[in-house]
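Here is a friendly walk through one protein chain, from single residues to the whole fold. Have the sequence and the 3D view open as you read.

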Amino acid sequence: MELTDAEVEALGSRGYFVRDGFLGEPQARAVRAAALARVEAGTLKPAGIRRGADHSLDTSVRGDHIEWVMPGAAPELEALWHRFQALGEAVSSGAYLGLGRFDVQLACYPGGGAHYARHRDAFPGQSNRRLTAIWYANADWKPEDGGVLRLFPEDTGAPVEVAPVLDRLVVFLSERLEHEVLPAHASRLALTAWFYGRGT
C-alpha cells in the first residue's frame, strides 16, 4: 500500500485525509458482517473516558460501546488489522512519521443520540498516539442516521464534516486535530487504529 501525493500533502498541510474504497466493497461488507456479529454477541462494553485512576463512564461525553481487536480475531477483522498495519507502514515511509505499534478498536454507537464530545486522541504527558485511522462499516448510511465525524483543522478553523459511510477511511494526526462524533440516531460502526511512535 502507498499514499498518494495528495494524501501526503493533505496530512502535512491540513492534518488529515479521507480515502474511499479502502478495502473494496466485497471485503468491506464481510468486515461489516463480522463486526455486527461481535455487537450482536454482546461482547462490546461501554467506553470510558480518561485513563488509569481517572477512568470513568460518562455518556454525556461518550456514548459508544467498544472492544479491542487483536490478531486471531474473526478472519475478516484480522484482515482489516493487517490492512491497518500496511497503512502504518505506508504513512511512515510516505509522510516520514516513524510509526511503530498500534491498537485497533471496534466501536458501536447504538443510536438514540449517542455521541462523543470534542476531544483529541493524544493524552497529555503520555506515550502519545501519533496517528488515528478510522474505517467505517455503515452500509446504506443516510444523513438522518447522524453520527457524522466533525474535524477541527488548525489551518482554517472551519469544521469539516465526514459522513461515516461504508469503506471510508479517515486518517488524521492524533496530537493535532480535535474532533467529535455528532449524535447518532441509528447504529454506527467503526474500527479505529491508533498508531504510536517507534519505541513507545
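**Briefing: residues, cores and overall fold**

Leu44 is buried, at a relative accessible area of 11% (buried means under 20% relative accessible area, exposed over 50%, and partly exposed in between, with a 1.4 Å probe and protein chains only). This is a predicted model, in which local features need pLDDT of at least 70 and side-chain atom pairs count only at pLDDT 80 or more, while totals for chains, interfaces and linings use all residues. Residues are numbered from 1 along each chain as its sequence is written, and side-chain values use heavy atoms, with hydrogens and water left out.

**Leu44 and its surroundings**

- You will find Leu44 in the loop between H2 and strand E2 (45–46); helices (H or I, at least four residues) and strands (E, at least two) are DSSP runs, numbered from the N terminus.
- Which residues are in contact with Leu44, leaving aside its neighbours within four places in sequence? They are Arg38, Val39, His65, Ile66, Glu67, Leu106, Ala107 and Cys108, where contact means heavy atoms within 4.5 Å.
- His65 is 21 residues from Leu44 along the chain, and their C-alpha atoms are separated by 5.4 Å.

**The whole chain**

- The protein chain has three helices and eleven strands.
- Read from the N terminus, the order of elements is α-β-α-β-β-α-β-β-β-β-β-β-β-β.
- The radius of gyration is 16 Å, which agrees with the value near 16 Å for a compact globule of 200 residues; the radius is taken over C-alpha atoms, and the globule rule is 2.2 Å times the number of residues to the power 0.38.
- Along the principal axes, the C-alpha trace spans about 40 × 35 × 35 Å.
- Of the 200 residues in the protein chain, 48% are buried.
- Among contacts between residues at least 6 apart in sequence, 79% join residues at least 24 apart.

**Surface and charge**

- The chain carries 21 positive and 26 negative side chains, and the centres of the two sets lie 3 Å apart.
- In that tally, Lys and Arg count as positive and Asp and Glu as negative, while His and the chain ends are not counted; each charge is placed at NZ of Lys, CZ of Arg, CG of Asp or CD of Glu.

**Nonpolar cores**

- In soluble globular proteins, nonpolar side chains tend to be buried together.
- The largest nonpolar core has 39 residues, of which Leu11, Phe84, Leu87, Val91, Leu131, Trp135 and Leu191 touch the most other members; such a core is a set of buried Ala, Val, Leu, Ile, Met, Phe, Trp, Tyr and Cys residues joined through side-chain atoms within 4.5 Å.
- Two or more residues of this core come from each of helix H1 (5–13), helix H2 (25–40), helix H3 (75–95), strand E4 (99–109), strand E6 (129–136), strand E9 (168–173) and strand E11 (188–197).
- H3 gives the largest share of this core, eight residues.
- Apart from this core lies another, of ten residues, with Leu149, Leu151, Phe172 and Leu177 among them.
- Leu87 is in contact with Met1, Leu3, Phe22, Ala133, Leu169 and Val171, leaving aside its neighbours within four places in sequence.

- Asp145 lies in the loop between E6 and strand E7 (149–152) and is buried, with a relative accessible area of 14%.
- Not counting residues up to four places away in sequence, Asp145 touches Asp140, Pro183, Ala184, His185 and Ala186.
- Is Asp140 buried or exposed? Asp140 counts as exposed, at 62% relative accessibility, and lies in the loop between E6 and E7.
- Most residues other than glycine have a negative phi.
- Asp140, however, has a positive phi near 60 degrees.
- Asp167 also is not a glycine, and its phi is positive at about 70 degrees.
- Asp167 sits in the loop between strand E8 (160–162) and E9, where Asp167 counts as buried at 5% relative accessibility.

- Leu36, in helix H2, is partly exposed at 24% relative accessibility.
- Leu36 and Leu189 are 153 residues apart in sequence, and 8.1 Å apart in space, C-alpha to C-alpha.
- His82, in helix H3, is partly exposed with a relative accessible area of 37%.
- His82 and Val160 are 78 residues apart along the chain, and their C-alpha atoms are separated by 28 Å.
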